Amino acid sequence: MEKATSESRVVEFVRAARETGAPFEIVAGGTRREVGKPLGNLPRLDVSGLSGILKYEPDELIITAAPSTPLTEIAAALAEKGQRLGFDPADWSRLLGSNGIATLGGAVSADASGSGRLRHGGARDSLLAFRGVNGLGESFRGGAKVVKNVTGFDLPKLVCGAYGTLCVLTELTFRVYPKPPFAMTLCLADVSPETGFAQLRKIAHSALEPAGLAYLPATMMPGVGQGAALIKLEGARRPLEEKVALAHGLLGGPVRLIEGDPFPAVASGEKFADVPGHVWRVMVAPADAPRLAKELNAQHWLGDWAGGLIWLAAPVADASRIRAIASAAKGQAMLLRASTDARAALGLYAPQNPALATLSRAVKAAFDPLSLFNPGRLI
């Protein structure tokens, strides 16, 4: 395993790999290596040495960091200035049984967005610019270090969720957001999925700017009857109190405050860490969530993003059925946790339709014509 501590060393490694046509695996914190098709015993490029905050401009709401910077380091630096990453990067370490360190680059590569996605969008909406090394062994930049940028192609969006298959990231620049001083979570208990998701969509479409909207059935949150709709609201003390009052009026039912913040455990998949079976994330239109939850018929499941994301645990035999249900709803089913054999057979996502597959191959060829980077991980 080769360890790179600078962009120039990454360039040297990629050029050497290109000369021999030898593909390799890109690793850093290692917390998401068990996601996607296994890469076998490929040589590894360890980029964990590319770490640290390179520039932070609180007044401009911009931070630039090396990709292997721990998420905890980023969060701590931003918190000192009352700021945060808008997409609430999710750490799947406990779900995947990893003892590694969750990094900024890993969250970007996996597009691992938490509850903040509701208000500020996913990682792709916060990533302003990046530096990387392509499959030709050339360093390049995508995007611009300004909040408003209308020039050129929006390359930052391509690397989000690419799982390191397009380039080796060496620098990331994000827009950051103010962190409200107070937060409260409301619980509308003993409601069915149909009622719960309908209430969550009502809050999502209101002016309350919710910071989290999730539905948890009784199997995932005991003591709430059929299930609970959870609403996280944020703000300064007086505006937050007004938001809570408005939410009570919109929901119209018995609503109580709950202690603590349940949303990090929802976004990280922690609630499925001790649940047997494969763990899936199904992205759908929020309005379809109640129907899909019923069709999926899983004992252990929950809905995040007001129903836009359904988590579930299921036996391996259900894979085809889950993907068929997601496809019929024009959604996408992602196999997040599974055995090595299952990941090799099923892949991270279902095969793309011919038109989309052709486009994906063209993008891959433009960045990495010899398929050196994490080959086959997304297939």
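Helix H1, residues 7–20, has 14 residues, so at 1.5 Å a residue it should span 20 Å, and its end C-alpha atoms do sit 20 Å apart. (The expected span is 1.5 Å times one less than the number of residues; helices are DSSP runs of H or I with at least four residues, strands are runs of E with at least two, and both are numbered from the N terminus.) The model is a predicted one, with local features needing pLDDT of at least 70 and side-chain atom pairs counting only at pLDDT 80 or more, while totals for chains, interfaces and linings use all residues. Residues are numbered from 1 along each chain as its sequence is written, and side-chain values use heavy atoms, with hydrogens and water left out.

On H1, the buried residues are Val-10, Val-11, Phe-13, Val-14 and Ala-17. They cover an arc of only 165° around the axis, which puts them on the same side of H1. (The arc is taken from the directions from the helix axis to the C-beta atoms; buried means under 20% relative accessible area, exposed over 50% and partly exposed in between, with a 1.4 Å probe and protein chains only.) Glu-19 and Thr-20 are exposed on the face turned away from that buried side. The cover over the buried residues of H1 includes strands E1 (2–3), E3 (44–46), E7 (127–133), E8 (139–143) and E9 (168–178). Just past the end of H1, Gly-21 adopts a positive phi of about 70°.

Two of those covering strands, E1 and E3, also turn up in an open sheet of 3 strands, ordered E1-E3-E2 with parallel pairing. Its edges are E1 and E2 (25–27), each of which pairs on one side only. Pairing here requires that DSSP finds at least two bridges between two strands; E1 and E3 have 2, in the parallel sense. Lys-3 has Asp-46 of E3 as its bridge partner.

Further along, Ala-183 belongs to strand E10 (residues 182–189) and is partly exposed, at 47% relative accessible area. Leu-240 is 57 residues away along the chain, yet the two C-alpha atoms are separated by 7.6 Å. Leaving aside residues up to four places away in sequence, Ala-183 touches Lys-232, Leu-233, Glu-234 and Leu-240, contact being heavy atoms within 4.5 Å.

(On a 1 Å grid over the protein atoms alone, a cavity is a set of points where a 1.4 Å probe fits but cannot get out, and a pocket is an open set with protein on both sides within 12 Å along at least five of seven lines; lining residues have an atom within 4 Å of a point.) The largest cavity comes to about 370 Å³. Its lining takes in 24 residues, with Ile-26, Ala-28, Gly-105, Gly-106 and Ser-109 nearest the centre. Helix H4 supplies the largest share of that lining, 3 residues.

The largest pocket has a volume of about 1,700 Å³ and 48 lining residues, among them Gln-332, Tyr-349 and Gln-352. Helix H14 gives the most to that lining, 7 residues. The buried residues of H14 are Ala-357, Lys-364 and Phe-367. They fall within an arc of 90° seen down the axis, so they line one face of H14. Pro-354, Ala-355, Leu-359 and Ala-366 are exposed on the other side of H14.

Note on methods
Grid points are joined across faces, edges and corners, and a volume is the space filled by probe spheres set on the points.
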